[in-house]
Amino acid sequence: MLVHTALDRAEQVIRHWVANDCPVVVHVDAKVARKKNDAFRAALSDLPTVLFSRRHRCEWGTWGIVAASQSAAELMLDKFPKVRHVYLASGSCLPLRPVKELRSYLDARPRTDFIESATIADVSWTVGGLDEERFTLRFPFAWKRHRILFDGYVRLQRRLKVRRKIPDGIVPHIGSQWWCLTRQTLSTILQDPGRANYDRYFRRVWIPDESYFQSLVRLYSANIESRSLTLSKFDFQGKPHIFYDDHLQLLRRSDCFVARKIWPHADRLYETFLNDAASAMKGAEPNPGKIDRIFSKAVERRTRGRPGLHMQSRLPHEGWENGFTAAPYSVFEGFSELFEDFEEWLARMVGGNVHGHLFAPERVEFEGRQATFAGALSDSPQLRDYNGRMFLTGLIWNTRGERQSFQFGPRDSQYITWDMAKDPNAQISVISGAWAVPLYQSNRNFAEIRAEAARLQKIESDHLALLRSKQAKAKVRIWTMADFIESPMENLQAIIDEITAKAPQRLIEAPRMVNLDGFPQFLQNLKNQGMHPYLMGDFPNGSEDRNKPQSRRKPYVVR
């Protein structure tokens, strides 16, 4: 057992092994203070089958862990000649099944070595960018303690095209550090005449505890099962998962004999699994694969998160989010300008929350013009524009399960336009040129109207270009104002059908359209002043009857 921390828990597990007729050799990391080590040894002095091996300084990724395993294994083989299998464990390992069951399992396989051993080409879980190079470069510096020196020396060797010679007969293999080897195989490795050469080579391999025994066992073992009897799981960064009290049922389902890493304060786990009377003899084959699905979901949740919910680890990185928003929503552009009381009508038709212009420059127009909305979102335009993206994603997240609809236009803050265009959850319906209706109805000087019309048309033109982009993923419908008013009921029905796809309903009422008498002349006046209002489409001039049947034009639709 390799021990470096939580010595009280290590003592508890050691006594459990000894109570089940298993001798234990303990290696205490040389970094542990002498006073703590002496107290630990004194606490176990009443157990004659517990021995302590020579201490080495153990640091992650360095040779010290292999040296500690060698020293402890040599002492085990020397002092306990009846031992047939040697099981390497750590101080944070915890037996999950009765030790008698493990002994019976090994008795049925007296010549089998259990050690994960695979070539670099056959594994996909190495993390850190060093696969084959861990065997062909030298690593004299500790990765955790001297990271700058570590990285600099790796770059230097690459530049100089350094390539170490692998000892003859060795095919590098890697695998879990936690093995269970037969006396015959382990003694052959430790007593090999060429051991000094092998040790010299692996001393400068990166993370040798995952390759030394895993490679040498291939020279001597006649029967290898390439798996560990110890349950150990690692996250996407290569860090081990820690098991807590609420993992009790998960650990039981694995049917594994031993698990690591156990949180030192997981009192429930230690009390449950160190009580043999509470564990039934299963006789089942260890199968950590039964819980792999749960760990895969945990990794996915940690790396991708929930759709539309941004978390600290991903927020600074563009494109790392799992979807921009959490639920579908609808954006209406030009509708509230063309129809009277459009928000109230839409709320009756589709339900959910129907907002005004959420990105209006004066204030955030929440439903009912509330000062605050779900999640304490404020109607302050300054707070909204501090991070418009997070304002929208927060609104959709806080109200998920209820459809959100809001108005948008060229007068509004445009920070969010590209994000909406790329969002598959967005349903965007546009009546281009409808922003001219409020200008037509305003009592402003015509010179001011002309300048404002030119500004708004430029903004909407750029916005429509984004919606028509190849990268746009939103569901987009675009009509010119002239096209839309030719058959408003049909066009509104298409939008409502898309929103209420699961329960479509036939429109029995239409919103009241604003009075457009004189609007064609208004557009002509803009033309006469040198501003060409092309986004309204082929609008009939003042001499035409707007109710006269005309050819119907289909909207621009992006699916």
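Start with the second largest pocket. It has 26 lining residues, and C22, P23, V83, H85 and Y87 are the ones nearest its centre. β2 (24-28), α3 (64-79), β4 (85-87) and α4 (99-107) are the elements that each give two or more residues to that lining. α4 gives the largest share, five residues. By type, the lining splits into 19 nonpolar, two polar and five charged.

A pocket here is an open set of points on a 1 Å grid over the protein atoms alone, where a 1.4 Å probe fits, with protein on both sides within 12 Å along at least five of seven lines; lining residues have an atom within 4 Å of a point.

Now the ground rules. This is a predicted model: local features need pLDDT of at least 70, side-chain atom pairs count only at pLDDT 80 or more, and totals for chains, interfaces and linings use all residues. Numbering runs from 1 along each chain as its sequence is written, and side-chain values use heavy atoms, without hydrogens or water.

Last, cysteines. The whole structure has zero disulfides (cysteine sulfur pairs within 2.5 Å). For C58, the nearest cysteine sulfur is that of C93, 14 Å away. C58 is buried, at 14% relative accessible area. For C93, the nearest is that of C256, at 12 Å. C93 is buried too, at 2%.

Technical notes: Helix = DSSP H or I, 4+ residues; strand = E, 2+ residues; numbered from the N terminus. Nonpolar A, V, L, I, M, F, W, Y, C, P; charged D, E, K, R; others polar. Buried < 20%, exposed > 50% of the residue type's maximum accessible area, 1.4 Å probe, protein only.
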